[in-house]
Amino acid sequence: MAETVNFTGAVDRELLKRAKIVAAKFETSINALFNTELRYLVDTFEAAENAGNQNYKTLLGFSLGRINDLTAMQTLGLDSEEDLFLLMAQAHLPMPRLPEPVTQGMVDRLNALMP
């Protein structure tokens, strides 16, 4: 077994609540969930990088909000956002999330359109 180290990180409070529920349902720890997901991400990234495939790097950049959807689509040679979303799912990566104020602004603008 590999040597483990402790580290400090921050996570969204609501996400932590949800993670506790998932961990309880699987009778495991949040630490085990975290290690499984982090290992998957790192192993996949390294395998793609070793194969000279930059697609995963592009998808990860999009997931982290470092590049926008248009840049990701252009880099990957995609014609539709649907294809980008499918690749994100296949890569086991979450869609990027907008900051809460931006999301709320969008909701407010949509609500303003309602009579």
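## Helix packing

Helices are DSSP runs (H or I) of at least four residues, numbered from the N terminus. An axis is a line fitted to C-alpha atoms, for helices over the stretch in contact, and angles run from 0 to 180 degrees between N-to-C directions. In this predicted model, local features need pLDDT of at least 70, side-chain atom pairs count only at pLDDT 80 or more, and totals for chains, interfaces and linings use all residues. Residues are numbered from 1 along each chain as its sequence is written, and side-chain values use heavy atoms, without hydrogens and water.

Helix H3 (residues 55-63) packs against helix H5 (residues 81-90) at about 100°, and their axes are 11 Å apart. H3 is therefore roughly perpendicular to H5 (65 to 115 degrees). In contact (heavy atoms within 4.5 Å) are Leu59, Phe62 and Ser63 of H3 with Leu84, Leu87 and Met88 of H5.

## A residue in H3

Thr58 belongs to helix H3. Its relative accessibility is 10%, so Thr58 is buried (under 20% relative accessible area; exposed is over 50%, partly exposed in between, with a 1.4 Å probe and protein chains only). Leaving out residues up to four places away in sequence, Thr58 touches Ile67, Ala72, Thr75 and Leu76.

## The aromatic pair

The structure has 1 aromatic pair (ring centres within 6.5 Å).

Phe7 lies in the segment before helix H1 (13-25) and Phe34 in helix H2 (residues 30-50), so the pair ties together parts 27 residues apart in sequence. Phe7 is exposed at 58% relative accessible area, whereas Phe34 is partly exposed at 35%.

Methods:
Helices (H or I, at least four residues) and strands (E, at least two) are DSSP runs, numbered from the N terminus. Angles under 35 degrees count as roughly parallel, over 145 as roughly antiparallel, 65 to 115 as roughly perpendicular and the rest as oblique. Rings of Phe, Tyr and Trp (its six-membered ring) pair if their centres lie within 6.5 Å; planes under 30 degrees apart count as stacked, over 60 as edge-to-face and the rest as tilted.
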